[in-house]
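This briefing goes through a protein model by topic, for use beside the sequence and the 3D view. Please keep both open while reading.

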Amino acid sequence: MITHSSRSRRWPIALTLVATTLFAALTLVGRRPSSEGIDSLATAFDDSTMAATLIAEQKLVDFQVSADETEEAVNSQIGTAGAQAGSLSLPASSEVLPAPLEHVRQSVADGVGEASTRFGGEVGTAGRFASSRVTESLLGLAQAGGLGDLKPGGFSVEWEELAISGVGGARLKAVVAYPKAGAAEATRRFPVVVLCNSWVMNWWEYAVKQQEWAAAGYVVLHYQARGWFNSEGLIEVAGPADVADASAVLDEVGKRAAEWRADAEAIGMVGVSYGGGLALLGAAHDARVKCAASLSGWGNLTRALAGQAAPNQVWFDILMSTSILVGRPDPQIHAMWESLVSAVVDPAATVDPLLAWAEERSPEAFAAKMCGRRLPVLVSNNAQDELFVSDAALMLRQTLHGAGCRVQLLINQGVHAMAELPSLAGIGGLVAHQPVWDETLRFMQAHLRPSKEPPPAEAQQGEVGHPHPPSRPAIRFQLRSPEGIFVAPRFVSYDRWPPREQEAVSLRLGQPLLGGGATGGEAAAGQAAA
């Protein structure tokens, strides 16, 4: 169980900017020209520092990684050749070094020799790559040292990279982090959390959360949706192929459950922005998902991109331009947008194909399917978000609640995905720790570990509103603080919507609102009693 101190830590603003810049840089590291496909997924070292690697390539020229070799055999052969090439004297077992340092050692050994090994093996075969291995090692060290949001303790974390076969044979890059349990816990099974990337984000996005949650006893698998970075296929904006891919990811979890000690009967889906919509759609179409959390996601795509018949041209341009940089968008996306703009200008234009396209990408359209099994859903959006506005999040909550889902709604301060960003970068404690990820972990534990009590809720300063049960309030709104972001957040909570404090007022045409003798008095009395 992971807890966070309610005390706000004031770190220098310069350090916050450095950490945020580093996170953005790491996000761009994983980009590779999309035309190369997934076969060149491993990142080579810079040519100026490749001397040792070239020697390793010469020694491994006849070495081929067969699909049926175990991960241990692959790592052993690559590590041995790399050590010989660089005349390295390295410990050979994690029994010699503590687990985090062993990961660093293995990263060095693998990194020297891995340039000759590409991601061309069979789908599902484990892969090890220098850039990600070093990152994973640093995360382990950060957790051991209690840096940022990572807290020391918990399980040691194992990492693995793999390709998952999606619909049509498209290979999707995936990274899984899972607890390394000891012999005494050989029969233990850990609940599973499946994460999908946000728009333009790669696997670095959730790396800190994967480390944190795996150490807390979860199998955490992040996959890159089709069309993004090194995943094959085209970006279809959460279309049917993306939904089928989500089920393929769950199939892979089932196949590898014994190896990862995963409880395939306790799976939750979580995502931010684009990943949030995919999490809800995946949960709607696959009953193996026991709960879902959408953070800064959408419920109705038409409402999001053209609310009140006003196309959001600014956001469309941002989304399309960035997707071209790091992905391969389906040409149909632009065609649909043009038809939407044309329909606004010309009322006679046909919009049926557009509406059908948007509907199959809208979680609200599948409310009955999703809520027929009373799926628990966490919806979190931000008050100043102009892409997926908070009013739309409230509408999504009402739709799902009315259809029978158990919905928890959280409205935070901030623009799109901003409340989620600090903790994704591991610096949530630097800016008056936003509760979004704490709530998400608490939500997952409550529904994936029903036999155990959920983590105790921290006392929220200034929590006001109607009393709610000890679990969590149904609806929480974060209050804007005039003191800025470096103070503990305050919330107002309700157990229903509309709240009991809100009364309906009925106004009838023809009745004077001001004056008018008895008639006006009767109208006022009627309003007060409504």
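In which loop is the place of V237? V237 is in the loop between β4 (219–223) and α7 (240–255). The model is predicted, and the points below start with the chain as a whole before turning to single residues and pairs.

**Overall fold**
- The secondary structure of the protein chain comes to 18 helices and 11 strands.
- The protein chain has 530 residues, of which 51% count as buried.
- Among contacts between residues at least 6 apart in sequence, 74% join residues at least 24 apart.

**Backbone exceptions**
- Most residues other than glycine have a negative phi, and most peptide bonds are trans.
- V237 has a positive phi, near 55°, and is not a glycine.
- With a relative accessible area of 10%, V237 falls under the 20% cut-off and is therefore buried.
- R261 is not a glycine either, yet its phi is positive at about 55°.
- R261 is placed in the loop between α8 (257–260) and β5.
- The peptide bond that joins W497 and P498 is cis, with omega at about 0°.
- P498 is in the loop between β11 and α18 (518–529).

**Aromatic pairs**
- The count of aromatic pairs comes to 15.
- W159 and W203 have ring centres 6.2 Å apart and planes at 70°; because an angle over 60 degrees counts as edge-to-face, this pair is edge-to-face.
- W159 belongs to strand β1 (residues 156–165), while W203 is in the loop between β3 (190–196) and α6 (207–215), so the pair ties together parts that are 44 residues apart in sequence.
- Both W159 and W203 are buried.
- F477 and Y494 also form an edge-to-face aromatic pair, with 6.2 Å from centre to centre and 70° between the planes.
- F477 lies in strand β10 (residues 475–479) and Y494 in strand β11 (residues 490–494); the two are 17 residues apart, and their pair links distant parts of the chain.
- Y494 has 17% relative accessibility and so counts as buried, the cut-off being 20%.
- W199, W228, Y274, W298 and F388 are linked into a cluster by ring pairs.

**Charges over rings**
- R449 has its charged end over the ring of Y218, 4.4 Å from the ring's centre.
- R476 lies over the face of F491, and the distance to the ring centre is 4.2 Å.

**Packing of α12 and α13**
- Helix α12 (residues 331–345) packs with helix α13 (residues 352–359) at an angle of about 125°, and their axes are 9 Å apart.
- The angle falls between 115 and 145 degrees, so α12 and α13 are oblique to each other.
- The crossing in which α12 passes α13 is left-handed.
- On the α12 side the contact is made by Q332, I333, M336, S339 and L340.
- On the α13 side P353, L354 and W357 make the contact.

**Surroundings of A266**
- A266 is part of strand β5 (residues 262–272).
- At a relative accessible area of 5%, A266 is under the 20% cut-off and therefore buried.
- The C-alpha atoms of A266 and P191 are separated by 5.1 Å, although the two residues are 75 residues apart along the chain.
- Apart from neighbours within four places in sequence, A266 is in contact with P191, V192, K290 and L448.

Note on methods
Residues are numbered from 1 along each chain as its sequence is written. This is a predicted model: local features need pLDDT of at least 70, side-chain atom pairs count only at pLDDT 80 or more; totals for chains, interfaces and linings use all residues. Side-chain values use heavy atoms; hydrogens and water are left out. Rings of Phe, Tyr and Trp (its six-membered ring) pair if their centres lie within 6.5 Å; planes under 30 degrees apart count as stacked, over 60 as edge-to-face and the rest as tilted. Helices (H or I, at least four residues) and strands (E, at least two) are DSSP runs, numbered from the N terminus. Buried means under 20% relative accessible area, exposed over 50%, partly exposed in between (1.4 Å probe, protein chains only). A charge sits over a ring if NZ of Lys or CZ of Arg is within 6 Å of the ring centre and within 35 degrees of the ring normal. Axes are lines fitted to C-alpha atoms, for helices over the stretch in contact, and angles run from 0 to 180 degrees between N-to-C directions. Angles under 35 degrees count as roughly parallel, over 145 as roughly antiparallel, 65 to 115 as roughly perpendicular and the rest as oblique. A crossing is left-handed if the near helix is turned anticlockwise from the far one by less than a right angle, and right-handed if clockwise. Contact means heavy atoms within 4.5 Å.
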